[in-house]
Amino acid sequence: MKRSVLTGHRLVGAFLVGLLLFCSPVPALFDRPVSWNGIPVLYLYLFGAWTALIALMAWILQGHDE
């Protein structure tokens with residue numbers, strides 16, 4: 001398979017992972033009145049998942065000389 005086709009498939013997979021991470025049931029698990037160092041756990045989850053998704057897409061899109 002061509003690299004561009006594999007990259008497209010991987011980006012679709014990253015999109016589906018993003019949907020799973022940010023749709024209602026999963027973030028609701030972290031919507032609690034608990035905080036870590038004064039930061040609500042929901043905020044930590046949202047920003048952590050967002051950062052992980054960006055890192056995943058950057059890893060997918062980085063160029064390799066094969």
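**Helix faces and aromatic pairs in a predicted model**

The buried residues of α3 are covered by elements that include α1, α2 (25-29) and β2 (39-40). Here contact means heavy atoms within 4.5 Å, and buried means under 20% relative accessible area, exposed over 50%, and partly exposed in between, with a 1.4 Å probe and protein chains only. Helices (H or I, at least four residues) and strands (E, at least two) are DSSP runs, numbered from the N terminus. The model is predicted: local features need pLDDT of at least 70, and side-chain atom pairs count only at pLDDT 80 or more, whereas totals for chains, interfaces and linings use all residues. Residues are numbered from 1 along each chain as its sequence is written, and side-chain values use heavy atoms, with hydrogens and water left out.

The secondary structure of the protein consists of 3 helices and 2 strands. Read from the N terminus, the elements follow the order α-α-β-β-α. The protein has a radius of gyration of 16 Å, while a compact globule of 66 residues would have one near 11 Å; this radius is taken over C-alpha atoms, and the globule rule is 2.2 Å times the number of residues to the power 0.38. Along the principal axes, the C-alpha trace spans about 50 × 25 × 10 Å. Of the 66 residues, 14% count as buried. Among the contacts with a separation of 6 or more, 61% are between residues 24 or more positions apart. The accessible surface comes to about 5300 Å², and 71% of that surface belongs to carbon and sulfur atoms; the areas come from the Shrake-Rupley method with a 1.4 Å probe, and for residues only the protein chains shown count as cover.

Helix α3 (41-61) can now be taken in detail. α3 has 21 residues and reaches 30 Å from its first C-alpha to its last, close to the 30 Å expected at 1.5 Å a residue; the expected span is 1.5 Å times one less than the number of residues. The buried residues of α3 are L42, Y45, A49, L53 and I60. These residues lie on the same side of α3, because they cover an arc of only 60° around the axis, the arc being that of the directions from the helix axis to the C-beta atoms. An α-helix has 3.6 residues a turn, so residues three or four places apart point the same way. The face of α3 turned away from the buried side carries the exposed residues F47, W59 and L61.

Helix α1 (residues 3-22) contains T7. With 20 residues, α1 reaches 28 Å from its first C-alpha to its last, close to the 28 Å expected at 1.5 Å a residue. Within α1, T7, A14 and G18 are buried. Seen down the axis of α1, the buried residues fall within an arc of 45°, so they line one face of the helix. H9 and L20, on the other side of α1, are exposed. The cover over the buried residues of α1 includes α3. T7 itself has a relative accessible area of 12% and is therefore buried. Neighbours within four places in sequence aside, T7 is in contact with I60 and L61.

The structure holds 2 aromatic pairs; rings of Phe, Tyr and Trp (its six-membered ring) pair if their centres lie within 6.5 Å, and planes under 30 degrees apart count as stacked, over 60 as edge-to-face and the rest as tilted. The pair of F30 and Y45 is stacked, because the ring centres are 4.3 Å apart and the planes are at 10°. This pair links distant parts of the chain, with F30 in the loop between α2 and β1 (35-36) and Y45 in helix α3, 15 residues apart. F30 is partly exposed, at a relative accessible area of 29%, whereas Y45 is buried, at 13%. F47 and W50 form a tilted aromatic pair, with 5.9 Å centre to centre and 50° between the planes. Because F47 and W50 are 3 residues apart in helix α3, about one helical turn separates them. F47 is exposed, with a relative accessible area of 51%, and W50 counts as partly exposed at 47%.

T51 is also found in helix α3. Its relative accessible area is 48%, so T51 is partly exposed. The C-alpha atoms of T51 and V17 are separated by 13 Å, the two residues being 34 residues apart along the chain.
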